Amino acid sequence: MEGVTTGQTYRLTQYAHGGGCACKIPPGELEDVVRGLTSAAPANPPGKLLVGLDDGDDAAAVRVGDTALIATTDFFTPVVDDPYDWGRIAAANALSDVYAMGGRPVVAVNLLGWPRDVLPYELAAETLRGGLDVCTEAGCHLAGGHSVDDPEPKYGLAVTGIADPQRLLRNDAGRPGIPLSLSKPLGVGVLNSRHKATGERFEQVIASMTALNRDASAAALAAGVECATDVTGFGLLGHLYKLTRASGVTAVLDAAAVPYLDGAREALAAGYVSGGTRRNLEWVAPHVDVSAVGEDEALLLADAQTSGGLLIAGEIPGAPVIGELVAAGEHAIVVR
């Protein structure tokens, strides 16, 4: 985008070492960091903790009266060059954690890191405008936030939502005999890596990343689904592994049924694989049987997604069934 006052063209992805959810701390390293951080309940809390740190679910949930309050936060470095699109993507991604728990976002605040001596504030304003527009679409208030001077640009939201405490979607509620569905195609990671390297713009990727998971969440609740998660930086295999581990089941995944965005396989073949994707596959390798597919297919299944879809233990309209949950076996996931 051209700076409003300078006329200079800026490619935001060139100002960060990684992009989007691919810049997350690797899952294995993150679990080592947070291990042991659960503690006794605080003194006189106003509500009961329903979902906390134990199973690495999408958000925290506290019951206050007849309502579950859902709290989450998500922010990352630029995943696309256009600041308005980046703001939209980051907001949709942060709101997704509430939808993945079966909730409705109520209020959000901005989180902004900005290299004030490197990038003009006009680009920051466009980023914030993108976040505001997505929150408006979601029916969620966006009010204030916090900013810091940062060597790399970063943006996201802290979001509070509400849900029925009896109808939370959790990653530990999977049971044998239930099908697995995926509400958005994969391939965001390899195509974003290509965008970062070449500057090519992929409209199908931006459309996928900015699409809210609101309708998929509502459809899951209407279908009586109890178990779901969203697919983001740890890839389909990583998030599915967390679900199977928390639920004590095995997932049988039909690789041929997994949907992909146009151009994803071509981007993979051209070598546009992020370090985050390779770390995802390395993390799940001891727990996943991918012997029936090649390395390329395994990398796509581990592809680090940004603002991906919902992975649902159940069936909803428009989301292809990509496998099923079965009784726990030798592996947490078996890919066929």
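What follows is a set of questions and answers on this predicted model.

Q: Why is the link between R116 and D117 called a salt bridge?
A: The closest N and O atoms of R116 and D117 are 3.7 Å apart. The cut-off is 4 Å between a side-chain nitrogen of Lys or Arg and a carboxyl oxygen of Asp or Glu, so the pair qualifies.

Q: Are the two partners, R116 and D117, buried, partly exposed or exposed?
A: D117 has a relative accessible area of 68%, and because exposed means over 50%, D117 is exposed. R116 has 44%, which falls between the limits of 20% and 50%, so R116 is partly exposed.

Q: How do you know that R129 and E126 form a salt bridge?
A: Their side chains meet at 2.8 Å, N to O. That is within 4 Å, so the name applies.

Q: Where do R129 and E126 lie, and how many residues separate them?
A: Both are in helix α3, which spans residues 121-138. They are 3 residues apart, about one turn of the helix.

Q: What makes E126 buried and R129 partly exposed?
A: E126 has 18% relative accessibility, and under 20% means buried, so E126 gets that label. R129 stands at 38%, between 20% and 50%, and therefore counts as partly exposed.

Q: Why does the pair K154 and D150 count as a salt bridge?
A: The closest N and O atoms of K154 and D150 are 3.0 Å apart. With a cut-off of 4 Å, the pair is therefore a salt bridge. D150 is buried because its 15% relative accessibility is under 20%.

Q: How many salt bridges does a search of the whole structure find?
A: The search finds 14. Some of the residues involved are joined in a network: D85, R88, R201 and E203 are linked by salt bridges.

Q: What makes D85 buried, and which residues does D85 touch?
A: D85 lies in helix α2. Its relative accessible area is 5%, under the 20% limit, so D85 is buried. Leaving out residues up to four places away in sequence, D85 touches V80, R201 and I206.

Q: Why is the meeting of S96 and N213 called a polar contact?
A: The two side chains make this contact at 2.9 Å. The distance limit for N or O atoms is 3.5 Å, so the pair meets it. Setting aside neighbours within four places in sequence, S96 is in contact with N213, D230, G308 and L310.

Q: What makes V134 buried, and how far apart are V134 and L212?
A: V134, in helix α3, has a relative accessible area of 3%, which is under 20%, so V134 is buried. V134 and L212 are 78 residues apart in sequence and 8.4 Å apart in space, C-alpha to C-alpha. L212 is one of the residues that V134 touches, along with R88, A91, A92 and L95, not counting residues up to four places away in sequence.

Q: How is the packing of α7 and α9 described?
A: Two packed helices are described by the angle and the distance between their axes. The axes of α7 (residues 235-247) and α9 (residues 275-284) come within 8 Å and cross at roughly 35°. The crossing of α7 past α9 is left-handed. On the α7 side are G235, L237, G238, Y241, K242 and R245, and these meet N280, L281, W283 and V284 in α9. The residues of this contact divide into 5 nonpolar, 3 polar and 2 charged.

Q: Are N44 and S307 buried or exposed?
A: N44 has 75% relative accessibility, over 50%, so N44 is exposed. S307 has 1%, under 20%, so S307 is buried. N44 lies in the loop between α1 and β1, and its phi is near 50°, a positive value in a residue other than glycine. S307 lies in the loop between α10 and β11, and has a positive phi of about 50° although it is not a glycine.

Key
Residues are numbered from 1 along each chain as its sequence is written. This is a predicted model: local features need pLDDT of at least 70, side-chain atom pairs count only at pLDDT 80 or more; totals for chains, interfaces and linings use all residues. Side-chain values use heavy atoms; hydrogens and water are left out. Buried means under 20% relative accessible area, exposed over 50%, partly exposed in between (1.4 Å probe, protein chains only). Helices (H or I, at least four residues) and strands (E, at least two) are DSSP runs, numbered from the N terminus. A polar contact is a pair of N or O atoms within 3.5 Å; within protein, one must be able to donate a hydrogen and the other to accept it, and residues adjacent in sequence count only if both atoms are side-chain atoms. Contact means heavy atoms within 4.5 Å. Axes are lines fitted to C-alpha atoms, for helices over the stretch in contact, and angles run from 0 to 180 degrees between N-to-C directions. A crossing is left-handed if the near helix is turned anticlockwise from the far one by less than a right angle, and right-handed if clockwise. Ala, Val, Leu, Ile, Met, Phe, Trp, Tyr, Cys and Pro count as nonpolar, Asp, Glu, Lys and Arg as charged, and the others, Gly among them, as polar.
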